[in-house]
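Good morning, and thank you for coming. I would like to walk you through the strands of this structure and then turn to one loop.

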Amino acid sequence: MKLLTPGIRHLACSAALALLGSPAMSQPMDNACQATIQGQPGKKFDMTELRVSKRCEQFTVHLVHTGKKPWQAAGHNWVLTKSQDTEDVIREGLQSGPEKAWLSRGDARILAATQMLSGGEHASVTFPVQRLVQGEDYTYFCSFPTHAQPMRGKLIVVD
């Protein structure tokens, strides 16, 4: 599989979102139904807990990679799974390799994910909140191989 340059990956992501006609992209969003998270040097997210209201139809996570390295050396993404599935998704994703951002494509256990980013890039992912269950444990993480353990947080469904 041919690797895309950051600019082309960004355009491809934007084009895909436009084709999907995502309502979250075409109308103003309530600030309670979105969050901006930084993937930072040192293998960490700036937020280790994210609260999502059941009142939101959709929730959008905006990921900003604040580092400077290319994604091949130290990329960041944001992946959401049920906590019980996290370790298996990471282990199986490692076999998929860098071309697939170390994620198994089509894995239903992945509830939402951004693309893998290089330093200075940003991406967003929007997902339906109705797929989340209050009281269930959810974990978000970065699937880059050496980041998957330290770059984690909890998503909590509230209301």
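Let us begin with an open sheet of four strands, in the order 2-1-4-7 and with mixed pairing. At its edges are strand 2, residues 44-45, and strand 7, residues 122-128, each of which pairs on one side only. Please bear in mind that this is a predicted model.

Within this sheet, strand 1, residues 34-40, runs parallel to strand 4, residues 58-65, and six bridges join the two. Which residue of strand 4 stands opposite Gly39? That residue is His65.

I turn now to strand 9, which spans residues 152-158. Strand 3, residues 49-53, is parallel to strand 9 and is joined to it by five bridges. Here Ser53 stands opposite Val158. Strand 8, residues 138-141, also pairs with strand 9, but in the antiparallel sense and over four bridges. In that pairing, Phe141 has Arg152 as its bridge partner.

Which residues of strand 9 form its covered face, and which its uncovered one? Gly153, Leu155 and Val157 lie on the covered face, while the uncovered face consists of Arg152, Lys154, Ile156 and Val158. In a regular strand, side chains alternate between the two faces of the sheet.

Finally, the loop. Ser96 is located between helix 4, residues 86-94, and strand 6, residues 112-113. Leaving aside residues up to four places away in sequence, Ser96 touches Leu103 and Ser104. With Ser104 there is also a polar contact, side chain to side chain, of 3.4 Å.

Methods: Residues numbered from 1 in each chain as written. Predicted model: local features only at pLDDT ≥ 70, side-chain atom pairs only at ≥ 80, totals over all residues. Heavy atoms only, no water. Buried < 20%, exposed > 50% of the residue type's maximum accessible area, 1.4 Å probe, protein only. Pairing = 2+ DSSP bridges. Polar contact = N/O pair within 3.5 Å; in protein donor to acceptor, adjacent residues only side chain to side chain. Contact = heavy atoms within 4.5 Å.
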